[in-house]
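The stops below are arranged as a series of selections.

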Amino acid sequence: MGKSVHYYLSVWYYAVIGLIECVIIVFILSEWKLPSCGQDRWMLMLIAVLGITGQTFLIKALQIEKAGPVALTRTVDVVLAFFFQFIFFNRAPTWWSLGGALCVVLSTSGVALRKWYDSSRRS
(Lines give C-alpha, C1' and ligand atoms only; values in the text may rest on other atoms or scores of the structure.)
Protein backbone atom coordinates (compact mmCIF):
# COMPACT_ATOMS: atom_id res chain seq x y z
CA MET A 1 0.00 0.00 0.00
CA GLY A 2 2.78 2.41 0.87
CA LYS A 3 2.48 6.12 1.46
CA SER A 4 0.73 6.85 -1.83
CA VAL A 5 -2.66 5.53 -0.64
CA HIS A 6 -4.56 7.47 2.00
CA TYR A 7 -4.80 5.51 5.23
CA TYR A 8 -8.57 5.97 5.51
CA LEU A 9 -9.03 3.81 2.42
CA SER A 10 -7.75 0.80 4.35
CA VAL A 11 -9.80 1.74 7.40
CA TRP A 12 -12.88 2.06 5.18
CA TYR A 13 -12.42 -1.48 3.82
CA TYR A 14 -11.80 -2.75 7.37
CA ALA A 15 -15.15 -1.29 8.48
CA VAL A 16 -17.10 -2.41 5.40
CA ILE A 17 -15.81 -5.99 5.50
CA GLY A 18 -16.52 -6.12 9.25
CA LEU A 19 -20.07 -4.93 8.64
CA ILE A 20 -20.64 -7.53 5.91
CA GLU A 21 -19.29 -10.30 8.15
CA CYS A 22 -21.52 -9.21 11.04
CA VAL A 23 -24.63 -9.10 8.86
CA ILE A 24 -23.92 -12.60 7.52
CA ILE A 25 -23.31 -14.05 10.99
CA VAL A 26 -26.36 -12.35 12.48
CA PHE A 27 -28.45 -13.61 9.56
CA ILE A 28 -27.20 -17.18 10.08
CA LEU A 29 -27.83 -17.03 13.83
CA SER A 30 -31.19 -15.19 13.44
CA GLU A 31 -30.32 -12.78 16.24
CA TRP A 32 -31.54 -9.44 14.83
CA LYS A 33 -31.92 -7.41 18.01
CA LEU A 34 -30.16 -4.62 19.84
CA PRO A 35 -29.06 -5.03 23.45
CA SER A 36 -31.81 -4.11 25.86
CA CYS A 37 -29.63 -2.13 28.25
CA GLY A 38 -28.49 1.38 27.40
CA GLN A 39 -25.00 0.75 28.77
CA ASP A 40 -24.51 -2.20 26.42
CA ARG A 41 -25.34 -0.03 23.43
CA TRP A 42 -22.78 2.55 24.48
CA MET A 43 -20.20 -0.20 24.98
CA LEU A 44 -20.85 -1.50 21.44
CA MET A 45 -20.36 1.99 20.03
CA LEU A 46 -17.18 2.38 22.09
CA ILE A 47 -15.86 -0.92 20.71
CA ALA A 48 -16.52 0.30 17.17
CA VAL A 49 -14.84 3.66 17.71
CA LEU A 50 -11.82 2.14 19.45
CA GLY A 51 -11.51 -0.56 16.76
CA ILE A 52 -11.46 1.99 13.96
CA THR A 53 -9.05 4.19 15.93
CA GLY A 54 -6.73 1.24 16.48
CA GLN A 55 -6.88 0.29 12.80
CA THR A 56 -6.10 3.90 11.82
CA PHE A 57 -3.04 3.98 14.07
CA LEU A 58 -1.89 0.60 12.76
CA ILE A 59 -2.12 1.74 9.13
CA LYS A 60 -0.31 5.01 9.91
CA ALA A 61 2.41 3.08 11.74
CA LEU A 62 2.85 0.74 8.76
CA GLN A 63 3.16 3.75 6.44
CA ILE A 64 5.80 5.39 8.62
CA GLU A 65 7.80 2.40 9.88
CA LYS A 66 8.83 -1.00 8.53
CA ALA A 67 6.52 -3.94 9.19
CA GLY A 68 8.89 -5.75 11.60
CA PRO A 69 8.89 -3.22 14.46
CA VAL A 70 5.16 -2.61 14.01
CA ALA A 71 4.42 -6.33 14.25
CA LEU A 72 6.58 -6.62 17.34
CA THR A 73 4.78 -3.72 18.97
CA ARG A 74 1.47 -5.25 17.97
CA THR A 75 2.16 -8.32 20.14
CA VAL A 76 1.63 -6.10 23.17
CA ASP A 77 -2.09 -6.58 22.42
CA VAL A 78 -1.82 -10.15 23.66
CA VAL A 79 -0.30 -9.10 26.98
CA LEU A 80 -2.82 -6.29 27.43
CA ALA A 81 -5.72 -8.62 26.67
CA PHE A 82 -4.68 -10.95 29.48
CA PHE A 83 -4.15 -8.01 31.82
CA PHE A 84 -7.57 -6.47 31.14
CA GLN A 85 -9.25 -9.87 31.31
CA PHE A 86 -7.81 -10.41 34.76
CA ILE A 87 -8.43 -6.88 36.07
CA PHE A 88 -11.92 -6.19 34.66
CA PHE A 89 -13.45 -9.66 34.41
CA ASN A 90 -11.55 -11.34 37.25
CA ARG A 91 -10.74 -14.32 35.02
CA ALA A 92 -7.30 -15.85 35.07
CA PRO A 93 -6.04 -17.10 31.71
CA THR A 94 -5.83 -20.85 31.20
CA TRP A 95 -2.59 -22.68 30.51
CA TRP A 96 -3.70 -23.24 26.91
CA SER A 97 -4.26 -19.55 26.29
CA LEU A 98 -0.96 -18.66 27.96
CA GLY A 99 0.80 -21.24 25.78
CA GLY A 100 -0.81 -19.84 22.64
CA ALA A 101 0.09 -16.29 23.63
CA LEU A 102 3.65 -17.37 24.31
CA CYS A 103 3.84 -18.92 20.83
CA VAL A 104 2.59 -15.71 19.23
CA VAL A 105 4.94 -13.44 21.19
CA LEU A 106 7.99 -15.67 20.71
CA SER A 107 7.44 -16.19 16.98
CA THR A 108 6.86 -12.50 16.30
CA SER A 109 9.83 -11.53 18.46
CA GLY A 110 11.99 -14.12 16.73
CA VAL A 111 11.13 -12.82 13.27
CA ALA A 112 11.76 -9.21 14.33
CA LEU A 113 15.06 -10.05 16.00
CA ARG A 114 16.22 -12.04 12.98
CA LYS A 115 15.42 -9.14 10.65
CA TRP A 116 17.23 -6.75 12.96
CA TYR A 117 20.24 -9.06 13.13
CA ASP A 118 20.34 -9.49 9.33
CA SER A 119 20.05 -5.75 8.71
CA SER A 120 22.75 -4.91 11.27
CA ARG A 121 25.05 -7.55 9.80
CA ARG A 122 24.69 -6.09 6.28
CA SER A 123 25.59 -2.58 7.40
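Begin by selecting α1 (7-29) and α2 (38-64), each of which supplies at least two residues of the lining of the largest pocket. Helices here are DSSP runs of H or I of at least four residues, numbered from the N terminus. The model is predicted: local features need pLDDT of at least 70, side-chain atom pairs count only at pLDDT 80 or more, and totals for chains, interfaces and linings use all residues. Residues are numbered from 1 along each chain as its sequence is written, and side-chain values use heavy atoms, with hydrogens and water left out.

The largest pocket has a volume of about 710 Å³. Of its 19 lining residues, select M43, L44, L46, I47 and A48, the closest to its centre. On a 1 Å grid over the protein atoms alone, a pocket is an open set of points where a 1.4 Å probe fits, with protein on both sides within 12 Å along at least five of seven lines; lining residues have an atom within 4 Å of a point. The volume is the space filled by probe spheres set on the points, which are joined across faces, edges and corners. Helix α2 gives the largest share of this lining, 10 residues. By class, the lining comprises 15 nonpolar, two polar and two charged residues. Ala, Val, Leu, Ile, Met, Phe, Trp, Tyr, Cys and Pro count as nonpolar, Asp, Glu, Lys and Arg as charged, and the others, Gly among them, as polar.

Next, select S30 in the loop between α1 and α2. S30 has a positive phi of about 55 degrees although it is not a glycine, and at 56% relative accessibility it counts as exposed (exposed is over 50% relative accessible area, buried under 20%, partly exposed in between, with a 1.4 Å probe and protein chains only). Then move to N90, in the loop between α4 and α5. The phi of N90, also a non-glycine residue, is positive and near 55 degrees; N90 is exposed, at 64%.

Now select helix α5 (residues 95-122). Its 28 residues should span 40 Å at 1.5 Å a residue, and the end C-alpha atoms are 40 Å apart, which agrees; the expected span is 1.5 Å times one less than the number of residues. Within α5, A101, T108, S109 and A112 are buried. The buried residues of α5 pack against α3 (67-74) and α4 (76-89), contact meaning heavy atoms within 4.5 Å.

Finally, select S123, in the segment after α5. S123 counts as exposed at 80% relative accessibility. S123 and L44 are 79 residues apart in sequence and 49 Å apart in space, C-alpha to C-alpha.
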